[in-house]
Amino acid sequence: MSAASSPAITARDIDLEAAHRDLAESWRAPGGFFGWFRQVNHQTIGLRYIVTAFIFLIAGGIEALLMRLQLAFPNLHLINPNAYNELFTTHGSTMMFLFAVPVMEGMGVYLVPLMVGTRNVAFPRLNAYGYYMYLFGALFLYVGVFSNIAPDAGWFAYTPLSGPQFSPGKRMDFWAQMITFTELSALVVAIEIIVTVIKMRAPGMSLDRVPIFVWSVFVQSFMVIFAMPAIMDASGMLMFDRTMGTHFFNPAEGGDPLLWQHIFWFFGHPEVYIIFIPATGMLAEILTTFSRRPMFGYVALVLSIVSVGFIGFGLWVHHMFATGLPQLGESFFTAASMLIAIPNGVQIFCWIATLWGGRPKLTVPLWYVIGFFAIFVAGGLTGVMIASVPFDTQVHDTFFIVAHFHYVLIGGAVFPLLGAIYYWYPKMTGSMLNDKLGMVTFWILFVGFNLTFFPMHALGLNGMPRRVYTYPANSGWGPMNLLASVGAVIIAIGGVLFLVNVFRSRKRGAPAGMNPWEAGTLEWLADSPPQTYNFLHIPIVSGREPLWEQKRDEIPVVVGLRNDRREVLVTRTLDAAPDHRYVLPGPTIWPFLFAVATMIAFVGTVFNMWWFVLGGILGITPIVAWFWPHRDKNFVPPMEKSA
Amino acid sequence: MTFERTLDVSHLPDAAIDSRGVLWWGQIGMMLIETVVFALIVAAYFYIRIGFSVWPPPDIAPPNLFWPTVNLILVLASCIPMYLSSRAMERRRFVAAAVWMALNVLMALVFLWIRRTEFLLFNFKWVSDVYGSLVWTLLGLHTMHTIGDTLESIVFVAITASGRVGAKQQLGAKMDAIYWYWITATYALLYLLIYIYPAALRGTL
C-alpha cells in the first residue's frame, strides 16, 4: 500500500498552533519526582546515558590519575599492590563497560530518531529498561568499590586467576554481575536502534541516503548482537564456577582456562569496534558539515564500515598469541588482523578526500577530527606491528600494549566523541559551547594525551610490564614514567576545562538556533533543544543531505498522522516508502519496576542462586502490567472502530 | 513551512500484524541474541571435547533416551495448537485463539514436568565434572526460556480471553507462537547434542 501525494492539503488547512499543542500534550514527559521513573522519550533516555557515562568517565579518570601518581617515581609506596590491582581492574572495567559502550549507545539513542526523522525509538519502554539496567550495574560495581569488594583480577578477568581458587571472596562476582547488567543494556539498545533504523526512517530515506552516523550505529548494533552474548555466557560460566561449583574453567575436572580467553575475546575484540565504529560515524558527520560538501565515496565508506563489522569477529585470537596456539591459527589471525587495516584505510582516505575536495572550516569539532587522524593513525600503525606474532610475543603484557590501545581507544573513540559533543551540544541544549575555551581545551588534551601515552611505547620496548604497582630505580624507567604522569595531569586539566565549558554554556552560551553549523542532516531541522515529539511534521527526504538540497521551508512533509496520540510512521525496509501508522506507548513505571526485579535477581545471585528465582517471581507483576493492553485514547480496538 | 508538497498518510492502516510490524523485528532480534547465546555454549562444548580422548567422560552413564524422546515428540506436537492459535488470532477468532493457546500451555506444563525427569535421569550433576557443567547449563538455560515463554503464553491467554485485543496483541500473540517454535527447534538441536550424540559415541543408540 502506498500513500498518495495529496496536493489538496495546504497551509490553510493545517492549524499549526493546534498541531503543536496536540503534539506537546500527547508527547508530554511526566514531571515531578515519580515522573523521573516513568520517562520513555528517547532524548531523555539518551541524555541520561550520556551524562551517566561521563560521570563514570570521571571516576575512571580519577582511578587512572591515582595509578599515574603511584608510577610517577620508582619505588613509591603510596598505593599498596592490592589496591593497585583494584585500581587498574576498576579503571579498565569502568572505561570499557560503564563509559565507552554506554556513551556510544546514548549518542545513538539520542540522535538516531532525530537523524532518521521519527519521533521516538521503536520500543520506548524497553529503552528505559535498558538504561536502568546500565545504571544499576554501574552502581553495583561502585558499591563494591566503596565497600572494599572491588574486583582485582584485571578488566578481562582471566581464569584461573579470577576463578574460585585464586580469587576467593565476592570481588570477581561483583565484576561478573556488573557485566551481565551492562551487556543486557547494550543488547536492548542494539535492538532499539536496529528496528528504528529498519522500520522508522522518514519517507524517502532509502538505504543509500541514511546518514553515515546512523549506518555506523546500525552496524555497531549488529556487532553487539553477536558479540555481547559471548560475554554474558562467559560471565555466567564464571559465576557458576565461583558460586555453584561448575568446572568450565577448572582443568582438574576437564575444564579449560583458555576457554575463558576464547569466549572473552570473541566478545572483547569486536568490543573495540563496537566503541570505534560509532565514533567514525560521528566524525564522518562532522567532516561532511565542516568540509561543506557531501562525503566523498559514501558507498565505499558504508561498505567499509560493514566489512569492519564482519572482519572484527575474525581477530579475537590475536589477543592470545602468547598462549601457544597452533601455527596455522597464528597465521590465520595475523592475516585477519592485517586485513582489517584495509577497510579502515579506505575510510581514512574517504575522509581525507572529503577534506581535500571541500572548503574546510576549522571549528573545534573539526580540530577534534584532525586530532583523531594524528592519534588514531599512530595507534593503527602499532596495531599492524603487534599483529605480527614474533613482535607481539616480545611486547606482550608490556606498556607498549597499553600505549597501543590507548592510542586506538582515546584517539579513535574519545576524540571523535568530544568533537561530537561540541558538534551536537547546541542541538541538545540550545546553546553553543564556548569556542575559545573549546580550542584551548582541545590543544591541552592533545598535548596531554601524547605526553602521557607516547612514552609508554618506549617503556614497553624497554621491557616495563603492565600491571606492576612499582619498579626499581635502576630499571631506568623513571623519567619516562614521570613524563607520562605529568601528561596525565595535563589531560585532567583539559577534562576539567571541558566540563567547565559544558556547565557554563548551558546558561551563558550563545543561542544556537536550529542549525548553527549549516549542516545537512535531519536533526538540524528540529528545534534546539528538540521538542519532545522531535518534528512538527515528519519530513520527506530526497537526498543524503536533505537540508542542503532544499530550503528548510520547501521540504515536503507527511500529513495525516494523528497528533492526539503518540503516532509514528512505519516505512519499508529498503526504500522507506510509507507502510503503516503505529502508536508508541507513553510514560510508564513498569520498566523501572521490572528493572528493580531484575536487579534483585542479578545482585542476589552473587550470594545465592535462589535469588534468581525470587527476582523472577517479583518480575512477573511488572512484566505482565507492561504488556497488558490499556483502554485509553491510545488504544482503539479495531472492532469498535468498524462498528 | 509552506506545505507546497505533502504526503497524506491518514488512509494507511494504523497497525501491521505481520513482518512489516516493528514488534516482529524486535522479536526476531531477541531470538537472534538468544541463538548466539546457545551457539556459543555449544561451541564451548566442542572446544572442551577436543581435550578429551573419551567422550563423554567414562563416569557418565549412556543417556536414557525414552523420556527425552517422549518430550521431543510432545514439544513438536505442541506447535500444532500454537499454530492454530496464531491463525485464529489473525482471523480475529479470539475464543478459538485462547482455547488453542491454553492447550499449548497445558502441553508446555507437561513438557516442563518431563524436563524434571530428564534432569533426574542424569547420573551426574553440574558439579561432577565439566561435562556435567555443560549439559546442565545448556538444558537449564533451555528450561528457563521454556518457563519464560510459557508464562508469556499464559498472559496471552488471559489477554485474549479478556477481549482486549488490538493489533499489537494480535501481533504479540503471533510472536509468542514464533518464539515457541524457536524453543522447539532449540530443544530438537539440544536433543541431538545431549542425548543422541553421546549415545552414538557410546554405541548405545
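Colleague: Where is Asn534(A) found?
Modeller: Asn534(A) is in the loop between H16 and H17 of chain A, where helices (H or I, at least four residues) and strands (E, at least two) are DSSP runs numbered from the N terminus. The phi of Asn534(A) is near 65°, which is a positive value in a residue other than glycine. This is a predicted model, in which local features need pLDDT of at least 70, side-chain atom pairs count only at pLDDT 80 or more, and totals for chains, interfaces and linings use all residues. Residues are numbered from 1 along each chain as its sequence is written, while chains are lettered from A and ligands numbered from 1 in the order in which they are written.

Colleague: And the peptide bond from Ser528(A) to Pro529(A), cis or trans?
Modeller: That bond is cis, with omega near -15°, and Pro529(A) lies in the loop between helix H16 (478-508) and helix H17 (546-549) of chain A. In chain B, a cis peptide bond joins Trp55(B) and Pro56(B), with omega about -5°; Pro56(B) sits in the loop between H1 and helix H2 (66-90) of chain B.

Colleague: What about confidence, what is the mean pLDDT of chain A?
Modeller: With pLDDT as the predictor's confidence in each residue, from 0 to 100, chain A has a mean of 92, and 96% of its residues reach 70 or more. Over residues 1-8 of chain A the pLDDT is below 50, and this stretch has 12 contacts in the model beyond near neighbours in sequence, a contact being two residues whose C-beta atoms, placed from the backbone, lie within 7 Å. Residues 633-643 of chain A also have pLDDT below 50, with 14 such contacts. Where pLDDT is low, the predicted coordinates should not be read in detail. For chain B the mean is 93, with 98% of residues at 70 or more, and the predictor gives the complex an ipTM of 0.94 and a pTM of 0.94.

Colleague: How many residues of chain B are in contact with chain A?
Modeller: 49 residues of chain B are in contact with 63 residues of chain A. On the chain B side, the elements that give two or more residues are strand E1 (6-8), helix H1 (22-50), helix H4 (130-162) and helix H5 (167-202), and H1(B) gives the largest share, 14 residues.

Colleague: Which strand pairs with E1(B)?
Modeller: Strand E1 (residues 557-559) of chain A pairs with E1(B) in the parallel sense over 3 bridges, pairing being called if DSSP finds at least two bridges between two strands. Within E1(B), Thr6(B) is the bridge partner of Val557(A).

Colleague: And how do H8(A) and H1(B) cross?
Modeller: The axes of helix H8 (residues 257-291) of chain A and H1(B) come within 11 Å and cross at roughly 145°, where axes are lines fitted to C-alpha atoms, for helices over the stretch in contact, and angles run from 0 to 180 degrees between N-to-C directions. The contact is made by Leu259(A), His262(A) and Ile263(A) of H8(A) and Leu40(B), Ala44(B), Tyr47(B) and Ile48(B) of H1(B).
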